[in-house]
Amino acid sequence: MEFINEARTLVKENIRDYGMYIALFVIMLTFSIMTDGLFMSSRNISNLLDSTGYIAVLAVGMTLVIVIRHIDLSIGFAAGFLGAITAILLTKMGLPIYVTIPVILLLGIVIGLFNGLLIAKYAIPSFVATLAGMLIFRGALLQVTEKTGTIIIKDDAFNAIGNGFIPSLMIVNGLHLLSLILGLLSILIYIYSEISTRRNKIKYQFEVVSKGIFTFKLVFVSAIIAYVTWILAGYNGFSWTVVIMLLVVVAYHFLTTKTVLGRHIYAVGSNPEAAHLSGINVNKITYMVFGSMGMLAALSGILFTSRLQSATTTAGTLFELDAIAAAYVGGVSSAGGVGKVTGAIIGAIVMASLSSGMNLLGVGVSMQYMIRGGVLVAAVLFDVMTRKKRG
Amino acid sequence: MSGYILEMNEISKSFTGVKALSNVNFKVRKGEIHCLIGENGAGKSTLMKVLSGVYPYGTYEGDIVFEGSVQQFNKISDSVQTGIVIIYQELALFPDLTVYENIFVGNEVKRGNLVDWNQTIAEAKKMLKRVGLDVNPETLVKDLSVGKQQLVEIAKALSKDVKLLILDEPTAALNEDDSENLLKLLGELKKQGITSIMISHKLKEVISIADQATVLRDGKTICTLDGYNGEISENMIIKNMVGRDIDDIYPKRPHKKIGETILELNNWSAYSSELARHVLKDIDFHVKKGEIVGIAGLMGSGRTELALSVFGNPKNYKLEGQLKVSGVKKTFKHTSDAIKSGIAYVTEDRKGDGLFLIQDIKNNITAANLNEVADKGIINENEEVKRATEYKRSMYIKASSLEQTVGNLSGGNQQKVSLGKWLFVGPKLLILDEPTRGIDVGAKFEIYTIMNKLISEGMSIIMISSELGEVLGMSDRVYIMAEGRMKGELPIEEANQENIMKLATQ
């Protein structure tokens, strides 16, 4: 009884944090039932995650941009443009992949820093500065693909980024061993980090949840990781896209929660004046965040180009809006200072699940747009309402 | 003697238990200029907000009688309709609109449902003539000087058929010529039968213009002085304004050990391009090790600007003169440079630019010096929690845990978090801007105790305060500022409320 009461108050108090997980769960469950389990099949989940990759990495960067009270509309076509440059470097210039990728990522950083310069140094509103960037990169993309049209890439190593899977080592009962090992490792790392955090909290007499709830949470999250691993291992194992996505999330999660830079980003977001008076260089933080956004846009361009195995004239269309939607569904607040990168990934998966599920059900494109719009409004409305209640 | 146009009888008003006004009586005769005087926080603004309907009828006790009938204002437009117009210190003009649009905004001259612009401009010209402002009505307000903007505000009031004009420190931001013009205009309006109430800190103005003057102190009416009987004199006003003893609310310091000079300013001036004027002019100032230096002065006297100009200049003033820290000449490009040189600044507006309200106590305390608890940019959380816990204890912060959101703490505890945040930087010199504003007596005492402890450990403190009692009770030396200049420096033995007030209102 006590267990249930505690669980209830926990959910009530942390509804904002748990909300999107619950939403994702409900969406997945609904689609599974409606498609007779087809939705949760190995193949579909694998495809779903792969098609989320290039939006998810954008959503991570966008979350930080929104946390510091800005927006970046240029990233969609920046990703498309950089994807086209990638294709040109690989095919026309014949550069090897291990040169091309760092060059493209660097180029992305430069583009982001330029946005940051306009916004921080010249105080141009980010909406306007990056809207201009959006137009410029759209033009640039057309310019470089005008003569050739779609550029087809025949580099297998590059195309594997968006389509390939990690080696399996061995197939055990139809499951890919390496993927299983990776899944198991992440469960162990998760359990270890949770337990050590809890120990520390107890040591400093912070409030912690009861043992029962804690164990329940450990088992529950581990089960989910195990389930997803099992599903993916039953198809082709983890794809490179999923691995890259996970690396980005882990790196950014660490950056935002454990480093001085991360703390400064959230400080600037929650009160720029106070941050300035605390000796934090607000302009520098703005450069960093936009620079990282540019780099992730480049990564997104690489993922998308690789997935299509070609650069097209319209690549990147509306990516920025999908990323913004994912960030908001993931709980970022436009008032600044609030929003987690893990939330952004969940937000991206929620939006991708909706598309995937509706595709399986044969819902028309027109309805799909409207439903996704509705979900976005609902997510933000939910956020606003729960915040009011607390405030 | 003519009758009263306004009688405010037994007005009381409380804010969540704190009495801001208690049984205030305030009577204004028709056709006179009546000055309202008192220290910051004496209740002048609150009283005027009651009168203008900012605090609607029913949220205060007492009666407002205007032209013989009891008024029940529910909103500002009610009082405006009756003929009472307030002009605030912060002008309520639209800088990007023209003069004529500003004069008639909300009160448009219409023909049918459309605005009659020709008529508007014609009317505006008439109003401008009445206030003696010779500008093209099509000028944008932002292109006018502050003095002229003030006149536009008055023209706007006249367009509404004002009977009682209230001016809240109208000359605070004006230079001498503009101030004189404004006072002359009030005299002119008086001849036209308009009654004025003027809130002012400048006693010379009060003496030159007031027919009567009412002094408020601690939310009570102290007296009304009559100019016709020659009662309005500097001494009378100051005596009534301050007239309170320093209560025994300041902890005594055991011993003083004053050392070498920590901060020195010579010929220090700051020009704000935003305000297009000097906010500081020719300041000479120094602080020694182990002393508390008080800076007294009224709001807008340049105290906060002085602190900001020293603390890395976040407002980008154009600075002139010399700043020395421990005898070494310095130029700070950013607040972080000032922090590195051992200067910390606890802001006046802790909610606005002091704290990260949506973050927890721990993050706030370590925010200005995270590298102290980090190794190569990675935060050592154990160390951070340990250090933050120490500050929570030594600052007497009352909260259930370090994880509590700062926005949910009381004002006093927020101020102690602010203080903790800056002590975590390990400063040599701590600048406190209104350190006890809006916090209760108990928390005040704790903050004073912390201050004493800090200077006995060899720190230096600059305390900017509007509370004279606090300045006298805590400082070793007092500087007095007015209009961006240093008006005087007094050792604590010679300082008293009267001579400080005199210098501050020069």
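# Helix faces and a chain contact

Student: Which exposed residues does the face of α7(A) turned away from its buried side carry?

Tutor: Helices (H or I, at least four residues) and strands (E, at least two) are DSSP runs, numbered from the N terminus. A residue is buried if 20 or more other C-beta atoms lie within 10 Å of its own, exposed if 12 or fewer, and partly exposed in between, with C-beta atoms placed from the backbone. On the face of α7(A) turned away from its buried side, the exposed residues are Asp156(A) and Ala157(A).

Student: How are residues, chains and ligands labelled, and what pLDDT do local features need?

Tutor: Residues are numbered from 1 along each chain as its sequence is written, while chains are lettered from A and ligands numbered from 1 in the order in which they are written. This is a predicted model, in which totals for chains, interfaces and linings use all residues, side-chain atom pairs count only at pLDDT 80 or more, and local features need pLDDT of at least 70.

Student: Back to α7(A): how wide an arc do its buried residues cover?

Tutor: Phe158(A), Ile161(A) and Gly162(A) are buried in α7(A). The arc is that of the directions from the helix axis to the C-beta atoms. These residues are on the same side of α7(A) because their arc is only 85 degrees.

Student: Which elements do the buried residues of α7(A) pack against?

Tutor: Two residues are in contact if their C-beta atoms, placed from the backbone, lie within 7 Å. On that basis, the partners in chain A are α4 (75–91), α5, α10 and α13.

Student: What arc do the buried residues of α10(A) cover?

Tutor: Buried in α10(A) are Thr241(A), Val242(A), Met245(A), Tyr252(A) and Thr256(A). They share one side of the helix, because around the axis they cover only 105 degrees.

Student: And which residues are exposed on the other side of α10(A)?

Tutor: The cover over the buried residues of α10(A) includes α3 (42–67), α11 (260–270) and α15 (341–361) of chain A. On the other side of α10(A), the exposed residues are Leu247(A) and Ala251(A).

Student: At what angle do the axes of α5(A) and α13(A) cross?

Tutor: Axes are lines fitted to C-alpha atoms, for helices over the stretch in contact, and angles run from 0 to 180 degrees between N-to-C directions. The axes of α5(A) (residues 97–121) and α13(A) come within 6 Å, and they cross at roughly 145 degrees.

Student: Which element gives the most to the side of chain A that touches chain B?

Tutor: The contact takes 21 residues from chain A and 29 residues from chain B. On the chain A side, two or more residues each come from α11 and α12 (272–277). With five residues, the top contributor is α11(A).

Student: Is Asp161(B) buried or exposed?

Tutor: Asp161(B) sits in the loop between α5 (146–159) and β9 (164–168) of chain B. Its phi is near 55 degrees, a positive value in a residue other than glycine. Asp161(B) has 12 C-beta neighbours inside 10 Å, so it counts as exposed.

Student: Then what about Glu434(B): buried or exposed?

Tutor: Glu434(B) also has a positive phi, about 50 degrees, although it is not a glycine. The loop between β21 (429–433) and α15 (441–456) of chain B holds Glu434(B). Because it has 22 C-beta neighbours inside 10 Å, Glu434(B) counts as buried.
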